[in-house]
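Please consult the sequence and the three-dimensional view while reading.

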Amino acid sequence: MDSPLPLPQLNSLPPVNWDALDALVLDLARSDRLVVPPHAAPADAADAGCPSPPSSPSSSTTTATSSAPSSSSSSSSTYRSRLLILRARRALEAGDVDGALALLRAHAPAALADHRLLFHVHKQRFVELVRRGTEADKAAALHCLRTALAPCALDAYPEAYEEFKHIMLVLIYDKDDQFSPVVNEWSIKRRFELAGSLSSILRAHLQAYDPILSMTLRYLISIHKIYCTRQGISSPISDLTERLLFEDRDPPVVPQECSLEAPPFDEVDVQALAHAVELTRQGAVDSLKFAKGDLYQAFQNELCRMKLDLTLLDKLVHEYCIYRGIVEGSFHVLPGGGDLKCSQNNDVNNGTQLECAMADNQNGECSTSDITRDDSWSKRLRRVRSNTSGQRRRKRWRGRVDDLDYACEALLDANKHDSLSPALDMDEDTVVEQQDVEANSNTSATRNMEDQKYEVVLEMQDLTRKGMASKVVEEISSVDPDFFQQNPILLFQLKQVEFLKLVAGGDHIAALKVASTHLGPLAANNQALLKPLKETLVTLIKPNEDVLNGVSLPVLACSLQVAMSRRLGIGEPQLMKIVRAAIHTHTEWFKLQMCKDRFEHFLKIDSLKEIDPPVGSCSMSKALTDECGNGSSQITTCSSGKVPDEGSSPPVSSEVACDENAILKVMEFIALPRADAIQLLMQYNGNAETVIQQIFQ
């Protein structure tokens, strides 16, 4: 059997909008309280270049226009609601049904109006009381049977009374009897199934959905897996995706009886939901019934049923935040990440001495030039830190603190349940400050050399964003004279910025000097740069105010960051690798579907694909792509203004275009994926009836 074909190399995949990913990452870090926000005025935060969080996931048709206070209040409320859901879930998983019921009665009493849910909760409570085995617990179980379970069985759902009579068998069959008729009812797995169902119901009831990035990763990774499997392609990120997104999901929620007579849903919505989250058609209909016909709420419900490894997600986010300068903290390498290992010895009199080990060097040793360059970076850093101390304010990483402190109170007495409410109603900043006291004691540890290198890289990135190209070239060349010899296109782009700023300022003589001294020789050595050089010179005849239009400094800054990080042995964040590969397969998947993704705007996927034009024009695309292959840049591979609408509706030629109603009919009757339905219709001239007849003959 032939081995699967690999995806294109990661550095040859379409670029990703780093700023858009920054915003999603920061939104998740804030929503899950992974960072401690600096105590600064809003103006200070804005000056620090902190990306703003994306618009609320509950609104798919509006942009974020609410003020910061209301957004913070909403985030705080959602966070407390998610804490409540997590606590109730953990209580059920631990067998503490009384604790879960107390939480629901105190904080979400309306959820208990779901008679199906209430019946299942009381049924599990009955089993747990019998499981304990004491005489008092058996008496409590019989009391539960008479006063709670039996009344619920009468109006929960048609099969409930039969289930009620069946569950009574646990009174006479031992929990260790593997051949009893109630072996499934005794199973610990029932706790987790009920906990999953309760979480889904509470999440929808409280509108307490996970942050956008969390849902986006679930969606992109699931599509990535489907695409790779169907196309017989090996995934370059499978080691991460298999660990990050689990195969099992929480059980689907059954809609209440009153919603079973809902009006028929638009088949377009049914099929979109079914194929987006891998449901059967009936499963998609049930999900829409539970969401009262709201497609996007049903979509969120289904995404949140997918389980993520939060520990790994936090590591990915932390690594990315350090790399991008969003948080301060110690550098760490994830499995499969960068290979640089550095140790430092701090001495008051002798300064900093480096011991480098570059695992990807051919001989595995540091050359003299490497040590000299590292020493230059170190000297540069000391100058940077003395000049910019206090100017850069980053967030401190808090990590996922267990706000529930559940391990100490898993089996609460009934008289202790009321004490849960104040913790859930506490102001978010109070919670952060109380639980971050211990973290403060760790921030005084000496930062290692990797962190110091990040400081230099991030300072150069900031200067590039501000358009201070000449200073960037001067600073980098002074500490690493070989850098621009290895990255000539970056030098060309930086000198373009310098040229354009001089032209915009009216100093055409100085601009021409830059062109003749730098741009011309660079273009002479790389024929692909001749056309962008000509286009750059054309700006001499444009109005000064129009010269800098269309120049995207953030893209150039990101390219510089990647190149400098590689030069210093700092690996690209694993999260970026996941997003880049998953965005590519998302694009390819919807090309096969020949339709637009209904949910890409909702999950901000379209913003991840929007790339502003970097310095230069489309003619530089090939040169930049070639340069990327040599390691100078990983993201400035396209300068067309946007990745060519790859995630939008792909063009469909007239020869293969099929009627949308015919596609939906085939998908519905034969339960086929959209791409397969289209292929069948193409074979039978787009006639859905003929396709169905041929299948059922």
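## Aromatic contacts

Tyr-296 is partly exposed, as its relative accessible area is 23%. The structure to which this residue belongs is a predicted model. Phe-599, in contrast, is buried, with a relative accessible area of 1%. Tyr-296 and Phe-599 form an edge-to-face aromatic pair, with 5.7 Å from centre to centre and 80° between the planes. This pair links distant parts of the chain, 303 residues apart: Tyr-296 belongs to helix H14, while Phe-599 is placed in the loop between helix H27 (574-593) and helix H28 (605-609).

How many aromatic pairs does a search of the whole structure find? The search finds 10 aromatic pairs. One of them joins Tyr-219 and Phe-299: the ring centres are 5.3 Å apart and the planes stand at 85°, so this pair is edge-to-face. Tyr-219 lies in helix H10 (residues 212-231) and Phe-299 in helix H14 (residues 295-305), so the contact ties together parts that are 80 residues apart in sequence. Tyr-219 is buried at a relative accessible area of 1%, and Phe-299 is buried at 0%. Ring pairs link Tyr-219, Tyr-296, Phe-299, Phe-599 and Phe-602 into a cluster.

## Arginine over aromatic rings

Two arginine residues may be considered next. Arg-33 lies over the face of Tyr-79, at 4.5 Å from the ring centre. Arg-116 lies over the face of Tyr-157, and here the distance from the ring centre is 4.0 Å.

## Salt bridges

The structure holds 30 salt bridges. Among them is the contact between the side chains of Asp-22 and Arg-324, with an N to O distance of 2.8 Å. This pair links distant parts of the chain, 302 residues apart, with Asp-22 in helix H1 (residues 18-31) and Arg-324 in helix H15. Both Asp-22 and Arg-324 are buried. A further salt bridge brings together the side chains of Glu-242 and Lys-225, at 3.9 Å from N to O. Glu-242 is in helix H11 (residues 238-244) and Lys-225 is in helix H10, 17 residues apart.

Arg-567 lies in helix H26 (residues 553-567) and Asp-480 in the loop between helix H21 (469-479) and helix H22 (483-486), so the pair ties together parts that are 87 residues apart in sequence. Asp-480 counts as buried, at 2% relative accessibility. Salt bridges that share partners join Arg-89, Glu-93, Asp-248, Asp-250 and Lys-307 into one network.

## An open sheet

Three strands, in the order E2-E9-E6, form an open sheet with mixed pairing. Which strands stand at the edges? Strand E2 (35-36) and strand E6 (327-328) hold these places; each has a single partner strand, so one side of each is left without a neighbour in the sheet. E6 pairs with strand E9 (residues 395-397) in the parallel sense, over 2 bridges. Glu-328 stands opposite Arg-396 in E9.

Helix H15 (residues 310-324) contains Tyr-320. Is Tyr-320 buried or exposed? Tyr-320 counts as buried, with a relative accessibility of 0%. Although Tyr-320 and Pro-573 are 253 residues apart along the chain, their C-alpha atoms are separated by 5.3 Å.

A nonpolar surface patch of about 430 Å² is made by Leu-142, Met-168, Leu-171, Ile-172 and Tyr-173. Within this group, Met-168 is located in the loop between helix H7 (160-167) and helix H8 (183-186). Met-168 counts as partly exposed, at 33% relative accessibility.

Thr-690 is found in helix H32 (residues 688-696). With a relative accessibility of 25%, Thr-690 counts as partly exposed. The C-alpha atoms of Thr-690 and Leu-680 are separated by 9.8 Å, and these residues are 10 residues apart along the chain.

Definitions and conventions. Residues numbered from 1 in each chain as written. Predicted model: local features only at pLDDT ≥ 70, side-chain atom pairs only at ≥ 80, totals over all residues. Heavy atoms only, no water. Helix = DSSP H or I, 4+ residues; strand = E, 2+ residues; numbered from the N terminus. Buried < 20%, exposed > 50% of the residue type's maximum accessible area, 1.4 Å probe, protein only. Patch = residues over 30% accessible without salt bridge, like charges linked within 9 Å, V, L, I, M, F, W, Y side chains within 5 Å. Areas by Shrake-Rupley, 256 points an atom, 1.4 Å probe, with all protein chains shown as cover. Salt bridge = Lys/Arg side-chain N within 4 Å of Asp/Glu carboxyl O. Phe/Tyr/Trp six-rings, centres within 6.5 Å; stacked < 30°, edge-to-face > 60°. Lys NZ or Arg CZ within 6 Å of the ring centre and 35° of its normal. Pairing = 2+ DSSP bridges.
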